[in-house]
Structures are given as structure tokens and as C-alpha cells.
Amino acid sequence: MVGGNGIKTVGLAPKMDSGFYGKDIISVRQFTRENLSYIFNIADEMRAVVRRVGSTDLLKGHVLACVFYEPSTRTSSSFIAAMSRLGGSVIPINEVRYSSVTKGESLPDTIRTLESYADVIVLRHPEMGASQVAAEYARKPIINAGDGVGEHPTQALLDLYTIQSDLGRLDGLNVVMAGDLRYGRTVHSLARLLCLYDVQMTFVSPEILRLPLDVMNEVKALGRPVRETYDVRDAIADADVLYVTRVQRERFADQAQYDELKDYYVITPELMENAKKQMIVMHPLPRINEISYALDSDPRAAYFRQMENGMYIRMALLAAVLGKA
Amino acid sequence: MVGGNGIKTVGLAPKMDSGFYGKDIISVRQFTRENLSYIFNIADEMRAVVRRVGSTDLLKGHVLACVFYEPSTRTSSSFIAAMSRLGGSVIPINEVRYSSVTKGESLPDTIRTLESYADVIVLRHPEMGASQVAAEYARKPIINAGDGVGEHPTQALLDLYTIQSDLGRLDGLNVVMAGDLRYGRTVHSLARLLCLYDVQMTFVSPEILRLPLDVMNEVKALGRPVRETYDVRDAIADADVLYVTRVQRERFADQAQYDELKDYYVITPELMENAKKQMIVMHPLPRINEISYALDSDPRAAYFRQMENGMYIRMALLAAVLGKA
Amino acid sequence: MVGGNGIKTVGLAPKMDSGFYGKDIISVRQFTRENLSYIFNIADEMRAVVRRVGSTDLLKGHVLACVFYEPSTRTSSSFIAAMSRLGGSVIPINEVRYSSVTKGESLPDTIRTLESYADVIVLRHPEMGASQVAAEYARKPIINAGDGVGEHPTQALLDLYTIQSDLGRLDGLNVVMAGDLRYGRTVHSLARLLCLYDVQMTFVSPEILRLPLDVMNEVKALGRPVRETYDVRDAIADADVLYVTRVQRERFADQAQYDELKDYYVITPELMENAKKQMIVMHPLPRINEISYALDSDPRAAYFRQMENGMYIRMALLAAVLGKA
């Protein structure tokens with residue numbers, strides 16, 4: 001987002017104190033308790049509208065360019081549905097690798113072309129920082145839909161919104177994150193957002209997949225209580241939220257080590273007997289076998305609600321950056 | 001479709017006596033004369049609307065997820081056009097092979113994610129039974145757009161609708177099906193639907209591409225008169241409908257056999273001189289050379305009308321399962 | 001476009017004296033000063049509408065099939081945006097190579113199927129003449145979005161519109177075209193359109209990339225003054241328009257020759273010091289390094305405005321051929 005004076009106004013993802021209109025959504029670091037609460041309220045309204053009448057005309061006549069340099073059915077479908085239910089239109093661009101980019105066009109040129117057609121751009125790109133670069137050149141709002149090992153802020157927002165929505169609060173909760181905490185960008189972003197609240201975080205992973213030191217230090221620096229353990233069975237009893245991510249076999253040096261550990265990271269109905277009655281199990285999906293299918297009918301299984309919430313959060317963000325919230 | 005009581009209500013594709021609202025469209029076996037007549041009446045209305053004003057707002061605010069695990073330009077375009085002309089929106093998902101599915105996600109998880117964004121799902125999948133599985137997990141209606149060697153019910157419906165629409169009736173007709181009757185799923189489904197009517201069926205194919213015994217026995221069990229012949233010239237004279245499918249060279253063991261037979265299966269203007277004045281030639285398309293291009297201007301050539309009817313039938317089905325017909 | 005009498009009315013791209021309704025847009029040769037002025041006036045109105053309210057309902061209920069046999073993000077996005085901002089819907093068909101075409105279906109059959117769903121078809125095809133063939137079979141309007149080394153008329157129209165729009169006139173201008181004038185279809189089409197106006201054309205290229213003789217003779221036959229030079233520095237001083245295209249390294253026999261020449265074909269701020277204050281630099285994009293990024297903030301850099309104008313021109317054409325302009 002280039003300001004009226006031609007000076008880049010995104011820089012290091014400033015906090016958005018003065019509203020969302022015309023702003024880029026690049027990083028979870030842009031968010032405060034206040035503007036999260038603002039977005040969550042809009043998301044609540046979006047849910048009410050969708051459940052009651054399916055859609056609104058709030059963004060009628062507006063056009064979203066949905067630019068995916070790498071495929072992500074889930075995220076792109078969610079944004080397309082969000083824009084459609086707001087009455088707007090979508091230019092779906094899923095094959096960037098076959099297009100002008102392969103002729104050597106730079107990201108800034110592609111973005112400046114697309115913003116001449118669209119009112120807002122959602123960008124998924126394999127390189128960290130791509131959304132920031134796009135935002136520096138674009139005059140229209142850019143929404144980061146994942147930039148490599150960087151950020152995926154709308155995922156973190158929908159995760160946080162699901163906790164707030166299902167449990168009615170964020171302060172005072174014990175949030176357990178289990179699985180691959182080292183490479184899981186989802187977990188890093190969520191942990192950073194949770195630091196804005198009075199939350200106890202518990203990290204459960206095998207040794208080689210522990211939360212990276214920089215994220216851990218960020219959480220600790222904010223004075224939040226932190227626990228680490230290898231054993232999900234150990235952590236589940238007092239969890240208000242159990243956030244599970246995939247543990248990939250490839251991360252382990254030898255098969256034996258994987259086989260020994262993997263059972264700790266599969267959430268089964270039997271394991272859930274140790275959990276509270278009032279808590280939720282989350283997963284960013286796709287799951288492979290980290291959560292037993294037998295758990296799907298448990299009311300505490302929140303992962304499909306989480307998907308649905310993604311649409312409401314994206315509706316809220318689109319409406320907000322286009323000044324229609 | 002999971003019922004309110006949590007019990008799967010699809011099972012072996014029950015007849016839809018109690019209306020279409022909320023139902024899945026999985027198999028031609030679900031249809032009766034009564035509900036076919038109901039759908040055809042809606043399709044008639046859809047045609048009238050499209051010809052008069054282009055579209056309606058019947059499904060305004062509704063979202064269709066169009067999920068194609070294998071490409072089919074014709075079918076997906078037809079559904080997208082149908083939803084657009086009903087005023088609704090579409091999430092086109094054509095690259096499933098590049099997406100979360102390649103990360104190993106199961107069909108039930110993909111479907112449950114997509115139904116959290118959409119109101120109805122159209123599914124094309126290479127494996128027989130995939131739509132049935134999807135329907136068992138989904139709370140929103142599933143429409144089968146082809147599942148491998150299984151069914152493609154909307155194709156069969158548009159075929160039947162074209163006969164009804166062009167000839168004004170179904171009872172009392174002689175329907176000749178010619179070409180590859182062994183592997184052609186289209187022919188099998190149409191034959192099953194035709195059994196609901198007082199129809200004479202004539203099957204024309206080379207020996208190695210004869211109608212499979214199970215389909216033949218099904219037709220005979222219903223007491224419908226059946227003829228089989230090798231020679232389309234022999235069958236065309238008293239045909240009310242000539243339904244042609246592709247005969248693929250690869251099906252023949254040797255080239256000589258193919259060369260000898262193929263002329264019987266190319267419909268030319270010369271051959272059509274033996275046909276009635278009031279009859280129609282159909283083809284599910286794409287054709288290669290089974291029907292001469294010279295026939296295209298013959299009013300009896302119904303295959304492009306057949307395509308157009310596909311859109312009206314799909315409009316009717318979408319409106320019906322969403323309770324707006 | 002088949003006329004009511006069944007006679008092909010496109011033939012050698014007749015001039016469109018009697019309006020655009022129902023017509024195909026195949027070639028720049030169809031245009032006269034009068035109908036260009038008509039289209040440019042509609043494009044002006046489209047720009048006004050988009051800037052004021054984002055979109056109109058002019059084509060509400062209409063469906064565009066956007067059929068790209070080869071990828072072109074820029075062109076397809078522009079048409080999708082244009083149709084969306086007119087209130088219409090789009091069937092995006094980007095993977096034709098995976099579809100029924102790979103089963104051997106002919107272009108006429110594909111087009112006749114798609115026109116049974118859509119009201120207008122935009123076609124991009126790798127083979128010269130494909131749009132003409134499509135138009136001969138289709139009853140609905142075909143818009144050529146590029147057919148191989150043939151034409152790309154909407155690109156030429158948006159180029160001409162940008163000159164008219166930025167400089168307020170076409171007669172009396174000196175238009176300099178620089179770069180690859182041999183293979184650049186864009187330049188050929190623009191030169192042909194410019195012949196309708198009292199324009200001085202200056203062609204700047206290395207020897208091996210000079211304007212082909214047939215195009216040059218066409219321009220000369222119309223009595224337009226023409227200059228040719230190797231040196232862009234030489235030509236820039238009195239240019240009203242500098243139209244730059246990519247010079248590809250592969251066109252040169254040896255690297256030394258390329259290295260020697262390439263500096264003449266990179267437009268830098270330093271070079272632009274020799275240019276008029278009132279002139280524009282254009283490029284069809286994507287650019288590689290023919291125009292320095294440092295020029296982007298120069299008000300004379302018109303290439304992103306050019307992109308935006310593409311949307312307005314396409315809105316105008318869609319509205320015109322559908323009889324809603």
C-alpha cells in the first residue's frame with residue numbers, strides 16, 4: 001500500500017490503530033486486542049448473515065484477484081466463497097507458473113497489472129516476504145494468504161476466532177499445541193497472537209520438532225507462562241484447547257524413532273477420555289492420521305467449524321479493507 | 001446427506017418420493033417417472049427463462065463448489081453456466097491433483113471442508129462410488145458429475161430430457177443405441193432410465209462391444225422388448241432415436257477387424273436417407289468421426305440441442321436440491 | 001457468426017458499419033475511424049462508471065465463456081474483470097489441453113458446445129486463424145484474444161485507446177515503435193490501426209528485427225510517412241508516443257551482437273531527458289528489462305494505465321457485441 005504521499009506505509013507491518021480501510025494484511029504482528037476484537041465482531045455478523053440468508057450485497061461490484069503462485073484448494077476456496085457471499089466477484093489466478101511470470105515478469109509488475117483490474121488482491125507465494133514486496137508496490141490492499149515459511153495471518157486469525165467463538169473467551173485459557181512445532185508456520189503465528197492474551201501455552205512435541213528458540217523467546221519475553229513436554233497424554237488433562245498439527249515421518253532420522261513416538265501424537269477417543277468436557281480439539285487440516293476419524297462426532301472436535309470460521313474471518317477482512325465493514 | 005438423526009439416508013440410492021430438497025443426486029436408480037416428470041417441467045421453465053431473459057435470481061447468494069478430480073470441460077462448464085444463470089456463484093476446483101489431496105487428505109475431509117464454504121457440491125471423481133462416499137459424509141447435497149466407470153446421472157437425465165423435449169413423448173418409442181455399448185457408461189445409464197417407459201430398445205454394436213449382460217438382464221427383467229444387431233443400417237429405418245457413441249480403435253484386437261466394421265458406425269447423410277423424417281440423432285460428445293459433419297445441418301441432428309439441454313437439466317437439479325424449484 | 005440466412009457473414013473480416021450487436025471481433029481490419037470512435041466513447045463511459053461506483057448491471061444475467069487454449073494471465077484476467085464489472089458471469093476454461101480437446105474434439109464442436117451455455121466467447125488459441133474458424137461455426141459472438149502469430153485485436157484497440165486517452169488525439173502524432181518489430185504481433189496490429197489516422201510512424205530496431213515488408217508496404221500504400229532507424233536515442237526527441245517491445249536475446253545469432261545493441265533498447269530516465277515533456281511511453285507487458293524500473297514514477301510512463309485501459313476497452317466490446325452499449 002503506497003500512501004497518498006508516495007511513501008510506503010507498510011514497512012515493518014505497523015499496528016492498524018486507525019482502521020482497516022485501504023490497509024494490507026501481511027502479518028499477525030499488525031494486530032492488537034482492539035482490532036482483533038473489531039474483526040471478530042464483523043466475523044460474528046458475517047456468520048449470522050450467512051446462516052440466515054446465505055449472503056449480502058456488501059461488496060457488490062467489487063472484484064478480488066485471487067493470485068496463487070502455489071496451489072491451496074482450502075485457502076483459495078475459502079476466499080472465493082467469502083467474496084461470493086459478500087456479493088463480489090473473483091478473478092481466480094491459479095496457474096501463475098504457466099503465465100507471464102514464466103516469461104520472467106517481476107512480482108511488482110504482476111501485482112500492478114492485477115490491481116488495475118481488481119479492488120483487492122489475495123496473494124499466496126512460495127517465498128517469504130513476497131506479500132510485503134507486493135504491498136510496497138500496490139495501491140490496492142494486499143492480503144497475505146501464505147508466503148512460504150513466512151506468515152499466513154488469515155489462518156492464525158481464524159484459529160484465534162475459533163477459540164474465542166467456541167469457548168467464549170481467550171484470557172485464562174490453557175492452549176496446548178501438539179505435533180510439529182518446529183516447521184509448522186500455523187503454530188508460530190497462533191502463538192504470537194495468543195501472546196496478546198492472558199494465556200498459558202503448552203508445547204508438546206518430540207525433541208527434534210520443538211518450538212524454535214526465537215518463537216519461544218518471543219512468548220517468554222511477553223511474560224506468558226510456558227510449558228514444554230514430550231507427552232500429549234500428560235498435557236491433555238487440563239487443556240482448554242488442543243491444537244494438533246501433522247507430524248511428518250520424513251522429519252525423523254530413523255523409522256524406529258518415529259514408530260516409537262507417533263502414538264503420542266494421535267488423538268483418539270480413548271485419549272480424549274482424559275480431557276475436560278468443555279474444551280476443543282483443533283487442526284489446520286489437512287490431517288493424515290493425527291486425529292482419529294472416530295473423534296469427528298465428538299462435539300469437542302472443532303476442526304470443521306474452524307474451516308467454516310475461516311470463511312467468516314475472510315469475509316470480515318475483505319469487507320474491512322474495502323471500507324465496507 | 002446425513003439426516004437430522006445422524007443416520008445416513010442415501011444408502012442404496014433410495015427413490016426420491018418426498019421431493020428433492022436437501023437430497024443427493026448419485027444414481028439414475030433414484031428416479032421414478034414422477035420425479036423425472038417433475039425435473040423435466042422445471043427444466044422447461046429454465047429454458048423459457050434463459051431464452052427470454054438470460055437468467056434468474058433464484059439462487060442468488062448461493063454457492064456451488066464444482067470439484068473435478070479429473071477434467072471435463074463440458075460437464076464443468078455446463079454446471080458453472082447453470083449456477084450462473086440461476087444467479088448463484090461458483091467455486092471452481094479443477095486442480096485437485098495439485099492440492100491438499102496430494103498431501104494425502106481423504107475425500108470425506110475434502111468434502112466436509114468444502115461444504116463449510118458452499119451450499120451444494122458437484123463432484124467428478126475417477127473412482128466408482130466416490131459420490132456415494134461423499135454423500136454419506138456431507139450435510140449439504142452432493143451431485144454426482146461422473147464417478148469413473150460408475151454413473152453420470154445428469155448426463156442420463158439430459159439425454160432422456162432431450163428425447164422427451166424433441167419428440168414430445170417417451171412411451172412408444174424405438175430407441176436405437178449404436179457404437180461402444182460395452183464400456184459406454186452413458187448408454188448403460190440411459191438404458192436403465194428408459195426402462196421406466198414403454199420403450200423398444202435396439203442395441204447396435206460389433207460383437208466385442210455388446211451391451212454387458214448385467215445391463216441387458218436388467219432391461220429384460222423389466223419386460224422391455226429388446227433387439228440386438230451388428231448393423232446400424234439394419235436398425236435405422238424404424239428408429240425414433242439413434243443414440244451414437246464413440247467406437248474406439250483400441251478396443252479391437254486387430255486393425256483389419258476395425259477397418260471392416262467401422263463403416264457401419266459412421267452416420268452419414270446417405271445413411272440417414274433410410275431414417276424416418278421425424279426422429280433424432282444424439283451423441284454425448286465429444287465425437288471423433290462417428291457422425292459426419294455433413295449431418296450437422298440436418299434438423300434431426302440433436303446433439304448440440306442435447307448440450308444446451310444439459311444446462312437446463314442442471315439448473316433444474318440445482319434449484320431442486322436447494323429447495324428453490 | 002452465422003447470419004440468419006445461414007451464410008457466413010465474417011469472411012474476410014468485413015468492416016462493421018452497421019453496429020457491433022451480434023458481431024465477432026476477429027481482426028483490426030474490421031475497424032474504421034467511426035467505429036473506433038464509437039468503442040472509445042463507450043470505454044470512456046466504462047472508466048467513469050468503474051471509477052465512480054466500481055461496476056454496472058449492464059450485462060447482468062449474461063455469461064461469457066473465456067476459452068484459453070494457451071495461458072495468458074493478463075488477457076484472461078482483464079476479460080474476467082471486464083465481465084464482472086458489467087454484472088455478468090464467466091466460465092473460465094484455462095485447461096483446454098487437459099479436456100475434451102485431448103480426446104480429439106474439433107474446435108468447431110468445442111465452440112458449438114460452449115455457445116450452448118454462454119452468450120459470448122473469448123478465444124485464445126495458438127494457431128493463426130482459429131478465431132475466424134470459430135466465428136464461422138458459432139451463432140454467438142466470438143472475440144479473438146490472440147491467435148498465434150495472427151492477431152490480438154483487443155490489444156491493438158487498448159493501445160490506440162491509451163494514446164487517444166492520454167494525448168487527447170491521434171491525428172498529427174509521431175509514434176515511435178522500438179524493439180522487436182519483426183515478430184511482435186502487437187506492433188503490426190497497432191501500425192495497421194494507426195494507418196486510419198494522420199500519423200507519422202518511426203520504426204526503431206536492430207537490422208535483424210526490422211518491420212516485415214508486408215506490414216511496411218501496407219503502411220506506405222496508405223501514404224503514411226514512415227521513418228526507420230537503428231537508434232532509439234535518435235528517435236526519442238520528437239516522439240509523442242514511444243511504444244517499446246521486448247528484444248529477446250534468442251533472436252540474435254551471437255551474444256556479442258546482442259550485447260552491443262541491447263543498450264539502445266533500454267529506456268532509462270537518462271534517455272528520457274531527451275524526450276518531450278508531453279509524450280507517453282507504452283509497453284504491452286510483460287517487460288523484462290527494456291524499460292528501467294526507475295521510469296515507473298515518471299508521469300510519462302503509461303504502461304500501467306495501458307493495462308487498466310484494457311479492461312475498459314474489453315468492457316466496451318462485450319457490451320457492444322451483446323447489444324447493451
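A316(C) touches I39(C), I42(C), A43(C), M46(C) and A325(C), leaving aside residues up to four places away in sequence. Contact here requires C-beta atoms, placed from the backbone, within 7 Å. The model is predicted: local features need pLDDT of at least 70, side-chain atom pairs count only at pLDDT 80 or more, and totals for chains, interfaces and linings use all residues. Residues are numbered from 1 along each chain as its sequence is written, while chains are lettered from A and ligands numbered from 1 in the order in which they are written.

A316(C) also stands out in the largest nonpolar core, which holds 310 residues. A nonpolar core is a set of buried Ala, Val, Leu, Ile, Met, Phe, Trp, Tyr and Cys residues joined through C-beta atoms within 7 Å. A residue is buried if 20 or more other C-beta atoms lie within 10 Å of its own, exposed if 12 or fewer, and partly exposed in between.

Chain A contains 11 helices and nine strands. These are DSSP runs, numbered from the N terminus: helices are H or I with at least four residues, strands E with at least two. Of its 325 residues, 53% count as buried. The C-alpha trace of chain A spans about 55 × 45 × 35 Å along its principal axes. Its radius of gyration is 20 Å, which agrees with the value near 20 Å for a compact globule of 325 residues. That radius is taken over C-alpha atoms, and the globule rule is 2.2 Å times the number of residues to the power 0.38. Among contacts in chain A between residues at least 6 apart in sequence, 73% join residues at least 24 apart.

Chain A is divided into domain 1 (28-151 + 308-321) and domain 2 (154-307). The bounds come from an automatic or database domain assignment. The C-alpha centres of the two domains lie 26 Å apart. Each domain of chain A gives 19 residues to the contact. On the domain 1 side, α1 (33-53), β4 (142-147) and α11 (303-321) of chain A each supply at least two residues. The largest share, six residues, comes from α11(A). This side divides into 11 nonpolar, three polar and five charged residues. Ala, Val, Leu, Ile, Met, Phe, Trp, Tyr, Cys and Pro count as nonpolar, Asp, Glu, Lys and Arg as charged, and the others, Gly among them, as polar.

In chain B, six of the eight residues of helix α4 (130-137) are buried, so the helix is largely enclosed by the rest of the structure. The buried residues are A130(B), S131(B), Q132(B), A134(B), A135(B) and Y137(B). Their cover includes α3 (107-114), β3 (120-125) and β4 (142-147) of chain B.

The contact between chains A and B takes 23 residues from chain A and 24 residues from chain B. On chain A, α2 (73-85) and α11 are the elements that give two or more residues. The largest share, eight residues, comes from α2(A). The chain A side has 11 nonpolar, eight polar and four charged residues.

Between chains C and B, 24 residues of chain C are in contact with 23 residues of chain B. On chain C, β1 (63-68), β2 (89-93) and α3 (107-114) each supply at least two residues. This side has 10 nonpolar, eight polar and six charged residues.

A rotation of 120° with 0.0 Å of shift along its axis superposes chain C on chain B, with RMSD 0.0 Å. The two copies are thus related as by a three-fold rotation axis. They use different surfaces: 4% of the contact residues of chain C recur in chain B. Superposition is by least squares on the C-alpha atoms of residues with pLDDT of at least 70 in both.

Note on methods
Contact = placed C-beta atoms within 7 Å.
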